[in-house]
Structures are given as structure tokens and as C-alpha cells.
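Please look through the structure below with a few questions in mind. Each answer works towards a value or a name.

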Amino acid sequence: MECHLDIFFLEAVLNGILLAGLLALLALGLNLVFGVIDVVWICYAELVMIGMYGIYYASKSGAPFPVAVIFGIILVALLGAALHYFIIRPVLDTAPINQLLVTGGVLFLLQALATMAFGIDFRNLGIQLGSTGFADMSFAWSRIITFGVALAGMLGLWLFLTKTYLGTAIRAIAQDRQIMPLMGVDSKRIYLVTSAIGGGLAGLAAALMVLQYDIYPQIGLQFGPLIFMICVLGGLGNMLGGFAAAFIISQFIAIGGSCAATEWGYAIAFLFFMIVIFIRPQGLFGAKS
């Protein structure tokens, strides 16, 4: 591994920042669901995969890309609500291991169904956005657009949670799941809405990922562990912690990939994660239970 503090190193750092926007958005939906409902959606990346297929087929059927994106977001939002209503709700009051097992079962179910329905071929929309240069550095427009839309999505969620009655109710339930129902808050409705929002965020991430990545049934295996690692590193349920952790992990991946190989970047990121968890099991920004 060889690194030099030159223009290529700076380019890797900036590309890491652009990657962080997408990873932060992916972690945001999972953290929102865990923070409010106290359930980890192990199958979260598979919902993103379904959203990517939805956008792909909507676009290939003739729908303009913005319409395909809206379709994908609504599709995954409905899937998120259905996941909670039919799968999570019946085991909500049981041991956490039961909730992990059922969402893990959904993970394999969705992968198997996608493989049977769509095959194992890699697909893409064929959208070429090109790149832009600055001071001998090159940045893909797809990454720049993804970063901007991801930040806008996170800002929109923050405004919703802080400026609306429903958002305030969601934050109140997240702070005390026992007391708020006694004060008239319908926790079942809040859980359902939160699941739909979490699914919608997965759909938005899917719309951004189709601009950069091929679509295939096992794409969740590439991003699922990464999303989960970021959420745990930032403190499960801590949305700001997940945001910061995404920027940390993305730098390991980008700089590691620049100095050696991409695989080294992922290996170093996971090693850093394990060391942190040994020292702070609650994550860098999580509170001790």
C-alpha cells in the first residue's frame, strides 16, 4: 500500500465525501425505523434492490425517468408499510431475536423471488451523465447529483420531523414508547407511517443507485452489511451519528481504494468498525444503555 499527499489523494478524499451522501441516506432510513419502532430491518438493502428493479422496469416501459423514480419511491414505501403490518407487527412484542429472524427471512425471500423473476443478469438504465473536471481531478456527475439529492432528502426529513405534527409525534414515540400512547398518540399508526417513510427513503436511495450501479438480485449483499455497520458505528437509532459514521466509513473506502485496492478500503473500514465496537459497544455516538 502506497499513499502520497498529492492531487490524487485529494481526489480520493472528495470522492469519499460524495459517496458518503449515498451511504448516509441509506443509513438514515434504517436508523429512523430502529429509533422509532426498535426493530432492525435486516432486509433493508433488499427493499432498495426491489426499488431499483421497479425504477428499471418503469423506465423501460416508456415512463420518463422522473416518473419512474416516483413510482420506485412509492413502491418501496408501500413495501415498507406492508413489511411492518404483515411481518413486524405480529412479533413486535416478542424477543428481539424473533424480529431479527423474520426480517432475515424476508431478506432471503426477496432475493430468491428476485432471482426467479428477473434472473441473474446485470441490468442498468444506460444513463451516461459524464463527468466534470477541476484542478486535474475528475468527478462523475452521477455522484455529484446523488450527493446533492441525498442531502436534500435528509434535509426534507429533518424539516418533516421538526416542523409537522406527525413528525413531532414520531419523535415523541421515539423518545418514550410507553408514555406517549397514554397521552393519546396512536402508536400503531405512527409505526406504520414511520415504516412507509423508511421504505420511501430506501426508494429514494434506489433512484440514486440506478445512476451508478448495475441492478442484480444480490446487490443487497454488497450494501446491506455496509449500511448495518454504519448504523451500529453511529449508534443504532442515532440519525446524526449515522450521518457522521457514513462520512468516516466512506473515507476508509475511498482512500483505501486509492492507495491500494478497493477491497483494502472495505477491509480497513470493517477492521476500524470492529476495533471501535470493542471499545465502545454502543457505537461512536450512541448512549450507554
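Q: Which helix gives the most residues to the lining of the largest cavity?
A: In this predicted model, the largest cavity is lined by Leu26, Ala45, Val48, Met209, Ile219, Gly220, Phe223 and Ile227. Two helices, H2 (44-60) and H9 (219-234), each supply at least two residues of that lining. The helix that gives the most, with four residues, is H9.

Q: How many residues of the lining of the largest cavity are nonpolar, how many polar and how many charged?
A: The lining includes Leu26, Val48 and Phe223 as well as Gly220, and by the grouping used here Gly counts as polar, whereas Leu, Val and Phe count as nonpolar. Taken over the whole lining, the residues divide into seven nonpolar, one polar and no charged.

Q: What is the volume of the largest cavity?
A: Counting cavities of 30 Å³ or more gives one cavity in this model. The volume of the largest cavity is about 40 Å³.

Q: Is Gln99 buried or exposed?
A: Gln99 has its place in helix H4, which covers residues 96-118. A residue counts as buried when its relative accessible area is under 20%. Because the relative accessibility of Gln99 is 6%, Gln99 counts as buried.

Q: Which residue has the backbone oxygen that the side chain of Gln99 reaches at 3.1 Å?
A: Leaving aside neighbours within four places in sequence, Gln99 is in contact with Asp38, Val39, Val91, Leu92 and Thr94. The backbone oxygen that the side chain of Gln99 reaches at 3.1 Å belongs to Leu92.

Methods. Residues are numbered from 1 along each chain as its sequence is written. This is a predicted model: local features need pLDDT of at least 70, side-chain atom pairs count only at pLDDT 80 or more; totals for chains, interfaces and linings use all residues. Side-chain values use heavy atoms; hydrogens and water are left out. Buried means under 20% relative accessible area, exposed over 50%, partly exposed in between (1.4 Å probe, protein chains only). A polar contact is a pair of N or O atoms within 3.5 Å; within protein, one must be able to donate a hydrogen and the other to accept it, and residues adjacent in sequence count only if both atoms are side-chain atoms. Contact means heavy atoms within 4.5 Å. On a 1 Å grid over the protein atoms alone, a cavity is a set of points where a 1.4 Å probe fits but cannot get out, and a pocket is an open set with protein on both sides within 12 Å along at least five of seven lines; lining residues have an atom within 4 Å of a point. Grid points are joined across faces, edges and corners, and a volume is the space filled by probe spheres set on the points.
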